[in-house]
Amino acid sequence: MKTHSVRQKNIAEKISPELAISNWKDWKWQIRHCVRDIDTFEKLLDIRFEPEERKLLEKTLEKFPLSITPYYLSLIEVEDLKNDPIFMQAFPSPDELIVSKDDMHDPLSEDEDSPVPGITHRYPDRVLFHVSNICSMYCRHCTRKRKVGDIDSVPGKAEVQKGLDYIAAHPELRDVLLSGGDPFMLSDDYLDWILTELRAIPHVEVIRIGSRMPVVLPYRVTDQLVDVLKKHHPVWVNTHFNHPREVTYSSKQALRKMADAGIPLGNQTVLLSGVNDCYRILKKLFHKLVANRVRPYYLYQCDLSEGLTHFRTSVGKGIEIMENLVGHTSGFAVPSYVIDAPGGGGKIPILPTYMISRSTHKVILRNYEGVITSYKEPESYTPVYCDRNCEGCKLQLKLDDAPESKSVGIAKLLSDYEETLSLVPEDTARLERRGIDG
Ligand SMILES: *Cc1c(COP(=O)(O)O)cnc(C)c1O
């Protein structure tokens with residue numbers, strides 16, 4: 001088997017025989033030479049697909065386009081191509097044409113929760129801000145597959161300004177997530193402009209950027225880019241490693257640059273059948289990430305977007321993986337396993353069951369080894385009944401001028417000061433009989 005550096009050299013020579021290594025590491029050169037068709041893919045990797053298979057692949061590309069950076073291409077090991085985790089994430093499969101009856105066009109209802117183009121406002125205090133609709137590599141498992149390759153939809157300043165105006169007009173928004181597409185596809189100057197505008201909004205406390213560049217094109221993380229980011233602190237970066245093979249020398253360099261610039265790093269992994277649905281693979285990945293100062297943040301159950309059927313695992317697989325991580329390794333190497341609720345309900349955390357029973361005085365718990373233990377509730381705890389009258393409370397929450405927020409959902413049922421007794425679906429037959437129909 002060829003080493004990674006030999007593979008890089010082979011690919012570089014085929015793209016451009018006189019290429020110097022400095023060009024290979026130039027991210028703009030990489031983007032100019034992204035692999036966008038099957039011929040080039042075959043040529044660069046010295047492989048051939050059967051004519052029948054090719055026909056199906058071409059058909060797949062008509063629906064969901066292809067783009068792979070030469071760098072990410074060089075991580076593919078052709079010896080066991082069809083099972084290669086890099087190949088599976090980057091190269092189309094005719095299975096993408098299978099539409100299962102449970103698939104949805106926009107499963108997370110991002111379009112419905114969009115008050116202005118580019119903004120998804122789902123949670124009370126934070127928004128997703130899509131500042132780019134393009135990526136250097138099109139992940140085959142992309143939840144926004146429906147939008148991939150909308151060439152005309154790279155938002156210009158006027159459109160981005162509408163998003164900025166929306167954020168400025170909503171003082172409750174303290175956290176803005178730049179997403180896409182990949183925000184690092186924008187030029188340093190454009191990104192600098194967006195970050196400057198966001199920083200000028202007083203209520204924006206934290207800016208987050210979601211980018212897969214450290215994985216698919218680590219050369220994008222230049223000193224200049226990092227200089228731009230660190231001018232606007234606090235800036236957090238979340239990236240997207242799915243397999244330990246993606247943690248290379250170059251990706252480590254990119255992570256180191258950002259961590260050294262004081263950028264807290266997180267990672268979101270998607271659980272993918274045939275790629276990483278094995279707790280030993282994921283444990284290895286999470287260990288490599290924390291060794292590079294990246295905190296595993298979320299492990300996502302694969303969404304119900306069209307074309308992802310072949311990537312979906314059971315939820316049971318996810319729980320089995322969590323069972324093999326919690327307690328077995330460092331707490332900060334264990335991400336939260338979440339299902340992004342279809343219909344726009346947001347991320348719902350899933351864990352194995354650890355609290356197995358309780359009485360008035362005791363809680364019965366089990367640990368990762370199977371030890372069943374009891375925790376005695378305190379006898380002396382004097383609960384504070386909260387009437388939301390913080391001035392008269394001995395706990396020292398200094399409210400400053402923070403807007404008073406109301407409890408919602410289950411928290412509302414739990415609260416002492418709310419009269420609400422129950423949350424009731426609008427469409428029960430019982431309510432219809434009472435004549436209170438929604
Ligand atoms: C994931 C997501 C967020 C951020 O959620 P966190 O749990 O705070 O990371 C915000 N808005 C939308 C629409 C999201 O999908």
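Visitor: What volume does the largest cavity have?

Guide: Here's the general idea: rolling a probe the size of a water molecule over the atoms shows where empty space is left. In this predicted model, the largest cavity comes out at about 40 Å³. A search of the whole structure turns up one cavity of 30 Å³ or more.

Visitor: Which residues line the largest cavity?

Guide: Look for Phe64 and Pro65, then for Tyr138, Cys139, Arg140, Cys142, Lys145 and Val148. Sorted by class, that lining has six nonpolar residues, two charged ones and no polar ones.

Visitor: And pockets? How much space lies in the largest pocket?

Guide: A pocket is open, whereas a probe in a cavity cannot get out. In this model the largest pocket holds about 1,200 Å³ of space. Its lining takes in 48 residues, and those nearest the centre of the pocket are Thr143, Arg144, Ser179, Gln268 and Tyr300.

Visitor: Which elements give two or more residues to that lining?

Guide: They're strands: S2, S3 (175-179), S4 (206-210), S5 (235-239), S6 (265-270), S7 and S9 (346-349). S2 provides the largest share, with four residues.

Visitor: How does the lining of the largest pocket divide by class?

Guide: You get 20 nonpolar, 17 polar and 11 charged residues.

Visitor: Where does the ligand sit?

Guide: You'll find the ligand in the largest pocket. To read its surroundings, pick out the residues with a heavy atom within 4 Å of it. Here that gives Thr120, Arg122, Tyr123, Arg126, Leu128, Leu177, Arg208, Tyr297, Tyr298 and Lys347. This shell has five nonpolar, one polar and four charged residues.

Visitor: Which strands each supply at least two residues of the shell?

Guide: Strand S2 (126-130) and strand S7 (294-300) do. Both strands also turn up among the elements that line the largest pocket.

Visitor: Now the backbone. Which residues does a cis peptide bond join?

Guide: Gly180 and Gly181 are joined by a cis bond with omega about 10 degrees. Gly181 belongs to the loop between S3 and helix H9 (188-199). Another cis bond runs from His233 to Pro234, with omega near -5 degrees. You can find Pro234 in the loop between helix H11 (223-230) and S5.

Visitor: What about phi? Which residue has a positive phi although it is not a glycine?

Guide: Go to Ser109, where phi is positive at about 50 degrees. Ser109 is part of the loop between helix H7 (85-90) and strand S1 (119-120).

Key: Residues are numbered from 1 along each chain as its sequence is written. This is a predicted model: local features need pLDDT of at least 70, side-chain atom pairs count only at pLDDT 80 or more; totals for chains, interfaces and linings use all residues. Side-chain values use heavy atoms; hydrogens and water are left out. On a 1 Å grid over the protein atoms alone, a cavity is a set of points where a 1.4 Å probe fits but cannot get out, and a pocket is an open set with protein on both sides within 12 Å along at least five of seven lines; lining residues have an atom within 4 Å of a point. A molecule sits in a cavity or pocket if more than half of its atoms lie within 2 Å of its grid points. Ala, Val, Leu, Ile, Met, Phe, Trp, Tyr, Cys and Pro count as nonpolar, Asp, Glu, Lys and Arg as charged, and the others, Gly among them, as polar. Grid points are joined across faces, edges and corners, and a volume is the space filled by probe spheres set on the points.
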